[in-house]
Amino acid sequence: MKDRIPLALEPIAEAEAVAQYDKGARLYMLPEYKYFVWKILRRGIKSGRVLDIGTGSGRLSIELAKAKGSNFEITGLDISENMLKKAAENARQAGVEDKIKFVQANADALPFPDGSFDLVISYASLHHWFRPATVFKEAQRVAKKGGAVIIRDNRRVYGNPFWEVFIWILRRFMNRRHRENWPKAIMASYTIPEVKAILEEAGLTDYRVSTDFIKFDLCVEIKEQRH
Ligand SMILES: C[S@@+](CC[C@H](N)C(=O)[O-])C[C@H]1O[C@@H](n2cnc3c(N)ncnc32)[C@H](O)[C@@H]1O
C-alpha cells in the first residue's frame with residue numbers, strides 16, 4: 001500500500017465547504033449510512049443511548065433515528081460548529097430533531113461520564129483524528145458494560161490496482177469537490193495492521209478489526225467495555 005498522507009489539521013469548517021460536504025454525503029454516502037444502520041439493527045440493537053463521534057452533517061445519526069422499530073436517543077458529536085448547524089437543519093428537515101441532540105466537542109476528550117452510552121458509533125471520521133488512540137480509549141470509556149463500540153471508515157487501498165480502478169470509475173460520477181477530496185480521504189485512512197497497532201497503543205486488547213466483502217471499508221469493534 002502507498003504510505004499514509006494525513007489530512008491538514010483544520011477540520012471541514014467553512015460554511016460553504018460544509019454545504020458541499022453535505023451535498024456529497026446525501027448524494028453518494030446514503031447507501032453506506034443505511035448499510036451501517038442495517039448492521040446495527042441486525043445485531044438486535046434497537047434502542048438505547050447512542051453516541052455518533054464525528055457526526056458531520058448528521059446523516060448517519062438521522063438514518064439511525066429513522067430506523068423502523070427502533071427507539072434511540074442519539075447524541076451527534078463533532079468538533080466543527082458549522083457541521084453541527086447543518087446537522088441540526090438536516091435533522092429538522094427529516095423530522096427527527098426530537099431524537100438527536102448535537103454537541104460540539106473534540107473526540108479526544110468526550111464530555112460525558114464513564115459508561116454513558118449503549119452504543120458508540122462513528123463513520124468516516126477516524127482518518128481525521130489527530131490522536132486516534134486517545135479517541136479509541138474515550139469511545140471505550142463512555143460505552144456501558146455490555147454496550148457496543150463500532151467505528152467504520154475507509155481503508156487505504158491505494159497501491160492495489162483493483163481498488164484504484166474501482167475508485168477511479170466511481171469518481172467519474174461525483175461532483176468536482178468530492179472527486180478531488182475523496183482520494184485525499186482514502187490516502188489519510190488506515191490499513192488494518194495500522195489500526196490494530198493504534199488499538200494496541202491505546203492499551204486495548206479485546207477488539208476486532210474487519211473488512212466487508214467487496215468493499216474497501218474497515219470496521220473496528222472494541223469489545224471490552226469497563227463501566
Ligand atoms: C468526513 S466527515 C464524516 C462525517 C459523518 N460521520 C459522515 O459520515 O458524513 C469527518 C467528521 O469528523 C469530524 N472530526 C474530525 N476530527 C474530530 C475530532 N477530533 N473530534 C470531533 N469531530 C472530529 C469533522 O469535523 C467532520 O465533521
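In which handedness of crossing does H2 pass H3? The model examined here is a predicted one, in which local features need pLDDT of at least 70, side-chain atom pairs count only at pLDDT 80 or more, and totals for chains, interfaces and linings use all residues. Residues are numbered from 1 along each chain as its sequence is written.

Helices and strands are taken as DSSP runs (H or I over at least four residues for helices, E over at least two for strands), numbered from the N terminus. H2 passes H3 in a right-handed crossing, a crossing being right-handed if the near helix is turned clockwise from the far one by less than a right angle, and left-handed if anticlockwise. The two helices, H2 and H3, pack at an angle of about 25°, with their axes 9 Å apart, which makes H2 roughly parallel to H3. Here the axes are lines fitted to C-alpha atoms, for helices over the stretch in contact, and angles run from 0 to 180 degrees between N-to-C directions; angles under 35 degrees count as roughly parallel, over 145 as roughly antiparallel, 65 to 115 as roughly perpendicular and the rest as oblique. On the H2 side of this packing, Arg 59, Ile 62 and Lys 66 meet Asn 90, Ala 91 and Ala 94 of H3, with contact defined by C-beta atoms, placed from the backbone, that lie within 7 Å.

Helix H3 itself comprises 14 residues (81-94) and reaches 20 Å from its first C-alpha to its last, close to the 20 Å expected at 1.5 Å a residue, where the expected span is 1.5 Å times one less than the number of residues. Within H3, Met 83, Leu 84, Lys 86, Ala 87, Asn 90 and Ala 91 are buried. They cover an arc of only 160° around the axis, which puts them on the same side of H3, the arc being that of the directions from the helix axis to the C-beta atoms. A residue is called buried if 20 or more other C-beta atoms lie within 10 Å of its own, exposed if 12 or fewer, and partly exposed in between, with C-beta atoms placed from the backbone. The face of H3 turned away from the buried side carries the exposed residues Arg 92 and Gln 93, whereas the buried residues pack against helix H1 (15-42), helix H2 (59-66), strand S2 (71-78) and strand S3 (100-104). Just after H3, Gly 95 adopts a positive phi of about 75°.

H2 also packs with H1: their axes come within 9 Å and cross at roughly 50°, and H1 and H2 are therefore oblique to each other.

A further helix, H7 (residues 192-201), contains Lys 196, which is partly exposed, with 16 other C-beta atoms within 10 Å. The C-alpha atoms of Lys 196 and Tyr 207, which are 11 residues apart along the chain, are separated by 8.7 Å. In H7, Val 195, Ile 198 and Leu 199 are buried. They cover an arc of only 100° around the axis, which puts them on the same side of H7, while Pro 193 and Glu 200 are exposed on the other side. The buried residues of H7 pack against helix H4 (132-142), strand S6 (207-210) and strand S7 (217-222). H4 and H7 pack at an angle of about 65°, with their axes 8 Å apart, and the contact is made by Pro 132, Ala 133 and Phe 136 of H4 and Ile 198, Leu 199 and Glu 201 of H7.

Conventions: Two residues are in contact if their C-beta atoms, placed from the backbone, lie within 7 Å.
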